[in-house]
Amino acid sequence: MVRRTQKQRKQAALKVGGVGILAVALLGAGLTLASADDSAGAAQTANCPTVRDKLSGVPAAAVAGVEQELANLDKQIEEANARLAAQAANPQGGANFVQLAILGPLASKRTAALDRIGININRAGGQRPDLASLANCGLNAAGTPSAVNGGAGNGNIGAGNANNGGNTGNAGAGAAQTANCPTVRDKLSGVPAAAVAGVEQELANLDKQIEEANARLAAQAANPQGGANFVQLAILGPLASKRTAALDRIGININRAGGQRPNLASLATCGLNTPGTPSAVNGNSGNAGNGNAGNNGNAGNGNAGNNGNAGAGVAQRVNCPSVADRLPAVPAQAAAEVQRELANLDNQIADANARLAQLAVRPEGGANFVQNTVVGPLKDRRVAALNRIATAIGRVDGNRPAELVNLAPCSVS
């Protein structure tokens, strides 16, 4: 048997202890790494100031418009959160990507919606509130839900009207009435083929207007506000105005295509159904004009060679390369200018899509019309914006990303 000296036994113990410490350290590191891996991909959410609770004394005539913009603000947050979730799942871009590609555009959209809220209030005789400070958003910790403005009637909107008498006529006690509007599709006949796409679009608009009015009526039933005439002034009146415009556009479409312009003015005004009665709508059938059934695909066929205009009244859309995710690290001094140009690029695409939507309803020009009047000019505008982005970056760090100009061309799909 080999006897170990006390010194040898001590050295052996130190070796075993060292191995144990190393194992614990490695295990701890592994747990740390695992923890980091588990947190990777966790989605942050947009942290935006609420707006509804900053409003008071909204005139009754402005409530519908303000409610629409509050809903827009919530939708913008929802869209930003979807982008943040996608970014968490599949990170892209540099250190400033979230600010430049998500939070910056969100602030621009919020600024526009907040402006429209102020305009609605001022137009109705109220004091225009200063809401500019509510545009910018930050980030919540992963898993923290975004604060939103919620459905109509929550908080203080319209609080200034609380003393305007009882709510008779507003379907009080939480029972939701619905809009009772004349149907339009069954009043149309002999719609020219070239007008069908435009007419169908306006019939869909009429149904959407009823849907929005019913949402407002449901909110009013849940949380009544205003006086005896509130529903008429804030919901049915604006609905009639929107319907008048849509009915006019139907007549214009028919007349422009050579048909007899129908007199639809009497169909604009709506009343109220009893609670629980569904609204009559026009549906999405393509058979407006019984004499032209099946001819929806012929809108615009009289313009020889209009393949580039999506013929058939179906709106094409531009398909442009994204830019934010292809940017190098943007210096802080250039961030504001870069963000402004990224917003410009988005506006340019929106303008082009609006033009394509018009062409779907009223085709014009020959085979190259879309290329010459929409896609080509869009490319030129994108080249200018991309050059300004490259210049802003290069001015700060000397590395101008000239290759960004390759992202200018767009296609149509």
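A residue is called buried when its relative accessible area is under 20%, and I kept that cut-off beside me while I looked up the cysteines of this predicted model.

**Entry one: the count.** I searched for disulfides and found three. Counting the bonded cysteines along the chain, I wrote down the pattern 1-2, 3-4, 5-6.

**Entry two: Cys-320 and Cys-410.** I looked up this pair and noted that the two residues form a disulfide with sulfur atoms 2.1 Å apart. I placed Cys-320 in the loop between β5 (318-319) and α6 (335-361), and Cys-410 in the loop between α7 (369-397) and β6 (411-412), so the bond ties together parts that lie 90 residues apart in sequence. Cys-320 has 17% relative accessibility and therefore counts as buried, and Cys-410 is buried with a value of 13%.

The torsion about the S-S bond is about 115°, so I recorded the disulfide as right-handed. Both Cys-181 and Cys-270 are buried.

I then read off the disulfide that joins Cys-48 to Cys-137, with an S to S distance of 2.1 Å. This pair links distant parts of the chain, with Cys-48 in the loop between β1 (45-47) and α2 (60-89) and Cys-137 in the loop between α3 (97-123) and β2 (138-140). I noted that the link is right-handed, with 110° about the S-S bond, and that Cys-48 and Cys-137 are both buried.

Key: Residues are numbered from 1 along each chain as its sequence is written. This is a predicted model: local features need pLDDT of at least 70, side-chain atom pairs count only at pLDDT 80 or more; totals for chains, interfaces and linings use all residues. Side-chain values use heavy atoms; hydrogens and water are left out. A disulfide is a pair of cysteine sulfur atoms within 2.5 Å. Helices (H or I, at least four residues) and strands (E, at least two) are DSSP runs, numbered from the N terminus. Buried means under 20% relative accessible area, exposed over 50%, partly exposed in between (1.4 Å probe, protein chains only).
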